Amino acid sequence: MDTFEPTADVEVLNTWPRDRKYFAIGELEVSTSDQANNALVRKARQMGADAIVLGPARERSQVYVPIDSPLNTNSVSFRGVSLNSVRAIAIKYEP
């Protein structure tokens with residue numbers, strides 16, 4: 001696997017670039033949150049990517065959390081919470 005120097009700027013793309021040649025250098029995945037794109041960009045910078053192409057969010061799994069008071073350690077009521085993730089492909093532009 002090739003390694004690249006970390007990059008300072010990473011473009012966030014919704015579609016594959018049509019005006020430049022590129023190659024994929026890795027797949028990224030982070031948990032969905034308000035900061036998901038920022039987390040993907042941080043990872044892509046570390047890999048030396050020039051851009052990321054965002055993929056769809058997906059449901060990874062579901063966990064069950066108690067819905068009673070946190071002070072009630074004998075809780076018997078639970079609610080399912082989906083854990084979602086966002087994926088992207090890190091790319092490097094060809095010179």
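Biologist: How far can I trust it, and what are the ground rules?

Modeller: This is a predicted model, so local features need pLDDT of at least 70, side-chain atom pairs count only at pLDDT 80 or more, and totals for chains, interfaces and linings use all residues. Residues are numbered from 1 along each chain as its sequence is written, and side-chain values use heavy atoms, with hydrogens and water left out. The chain averages a pLDDT of 82, and 69% of the residues score at least 70; pLDDT is the predictor's confidence in each residue, from 0 to 100.

Biologist: Where in the chain is confidence lowest, and where is it highest?

Modeller: Lowest is β3, with a mean of 74, and highest is strand β1 (residues 11-13), at 94. Those names come from DSSP runs, numbered from the N terminus: helices are H or I with at least four residues, strands are E with at least two.

Biologist: Okay, charges. How many salt bridges are there?

Modeller: Two, where a salt bridge is a side-chain nitrogen of Lys or Arg within 4 Å of a carboxyl oxygen of Asp or Glu. In one of them, E27 and R87 meet with N and O 3.4 Å apart. E27 is in strand β2 (residues 22-31) and R87 is in strand β4 (residues 78-93), so the pair links parts of the chain that are 60 residues apart.

Biologist: Is E27 buried or exposed?

Modeller: E27 counts as exposed because its relative accessibility is 51%. R87 is at 30%, which means partly exposed. The cut-offs are under 20% relative accessible area for buried, over 50% for exposed, and partly exposed in between (1.4 Å probe, protein chains only).

Biologist: What does K92 form a salt bridge with?

Modeller: With D50, the closest N and O atoms being 3.6 Å apart. K92 is in strand β4, while D50 is in the loop between α1 (36-47) and β3 (51-66), 42 residues apart. Both K92 and D50 are buried.

Biologist: Switching topic: what's up with the helix α1?

Modeller: α1 has twelve residues and reaches 17 Å from its first C-alpha to its last, close to the 16 Å expected at 1.5 Å a residue. That expected span is 1.5 Å times one less than the number of residues.

Biologist: Which residues in α1 are buried?

Modeller: A36, A39, L40, V41 and A44. An α-helix has 3.6 residues a turn, so residues three or four places apart point the same way. After α1 comes G48, with a positive phi near 90°.

Biologist: And T32, where does that sit?

Modeller: T32 is in the loop between β2 and α1. T32 and S85 are 53 residues apart in sequence, yet 4.7 Å apart in space, C-alpha to C-alpha. Leaving out residues up to four places away in sequence, T32 touches N84, S85 and V86, with contact meaning heavy atoms within 4.5 Å.

Biologist: Last thing, rings! How many aromatic pairs turn up?

Modeller: Two in the whole structure. Rings of Phe, Tyr and Trp (its six-membered ring) pair if their centres lie within 6.5 Å; planes under 30 degrees apart count as stacked, over 60 as edge-to-face and the rest as tilted. F4 and F23 have ring centres 6.0 Å apart and planes at 45°, so that pair is tilted. F4 is in the segment before β1 and F23 is in strand β2.

Biologist: What about W16 and Y22?

Modeller: W16 and Y22 are stacked, 5.7 Å centre to centre with 10° between the planes.
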